[in-house]
Amino acid sequence: MTLTIAEEVLLLAYREDTGKPVIGSVELDCALGGALLAELAVRGRVDLDGAKVVPVDHTRLGEEELDATLTRIAEEPRPHKADWWVGKLRAGRLRKRLLTRLAARGVLNEQQSKILGIFPTTRYPELDPSPEKGVRERVQSVLAGAEPDERTAVLIAVMHAAKLDRKAFPDAPKGRIKEIAQGQWTGEAVRKTIASVHAAVAAATTAATVAATAGS
């Protein structure tokens with residue numbers, strides 16, 4: 001089964017048994033937005049090597065969320081920084097769409113209930129463990145010393161920015177995670193992409209948290 005980087009983040013962020021996320025909503029939603037931008041960059045559709053996100057190839061990828069994001073970026077009247085886009089993407093029910101899609105594909109089990117018989121809530125426990133197992137094995141191999149491909153490096157960088165890495169892989173060496181998140185193993189272009197996405201997720205998370213605190 002082919003997963004987007006955002007879907008990989010989502011599977012690692014949700015507990016297999018309770019179907020609830022192991023990190024806060026703000027961090028997770030920003031990580032998903034960052035993962036979309038990163039995948040578009042890795043697949044040559046946008047350029048993150050600079051202050052703004054710039055579309056460089058409008059060819060559709062045949063993946064709904066990635067194509068929709070690419071269209072939004074291309075149709076925006078003026079270019080914006082990566083953290084602006086992460087903020088925009090996280091505010092558009094992205095997580096719900098990805099969860100629903102994973103449930104439709106038989107990976108997660110969508111369970112709806114009510115808290116105190118009044119407040120509706122939805123949990124997403126794991127139904128098919130094989131997709132997450134594959135992602136975990138790939139990441140663990142890299143954390144153990146294998147050379148990462150671009151997608152795995154981006155996944156680790158996004159997890160690190162959202163503080164998901166310590167929850168999903170508590171025994172992983174901190175130095176190895178930092179090394180990958182900083183792109184020390186790769187060429188300059190990929191390193192800049194990873195650095196841009198990492199910074200964007202961290203900045204968008206901080207901004208959203210501050211805004212939520214100010215409004216409470």
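I shall speak about a pair of helices, a cavity and a salt bridge.

This is a predicted model, in which local features need pLDDT of at least 70 and side-chain atom pairs count only at pLDDT 80 or more, while totals for chains, interfaces and linings use all residues. Residues are numbered from 1 along each chain, and side-chain values use heavy atoms, without hydrogens and water.

First, the helices, which are DSSP runs of H or I with at least four residues, numbered from the N terminus. Helix α2 (residues 25–42) packs with helix α4 (residues 82–90) at about 115 degrees, and their axes are 8 Å apart. Here, axes are lines fitted to C-alpha atoms over the stretch in contact, and angles run from 0 to 180 degrees between N-to-C directions. Contact means heavy atoms within 4.5 Å. Among the residues that make it are Val26 and Leu37 of α2, and Trp85 and Leu89 of α4.

Next, the cavity. On a 1 Å grid over the protein atoms alone, a cavity is a set of points where a 1.4 Å probe fits but cannot get out; lining residues have an atom within 4 Å of a point. The largest cavity holds about 40 Å³ of space. Its lining includes Leu11, Tyr14 and Glu132.

Finally, which residue does Arg151 meet in a salt bridge? The partner is Glu8, at 3.6 Å, N to O. A salt bridge is a side-chain nitrogen of Lys or Arg within 4 Å of a carboxyl oxygen of Asp or Glu. Arg151 belongs to helix α7 (residues 150–161) and Glu8 to helix α1 (residues 5–13), so the pair ties together parts 143 residues apart in sequence. The structure holds 16 salt bridges.

Note on methods: Helix = DSSP H or I, 4+ residues; strand = E, 2+ residues; numbered from the N terminus. 1 Å grid on protein atoms, 1.4 Å probe; cavity = no way out; pocket = protein on both sides within 12 Å on 5 of 7 lines; lining within 4 Å. Points joined across faces, edges and corners; volume = space filled by probe spheres on them.
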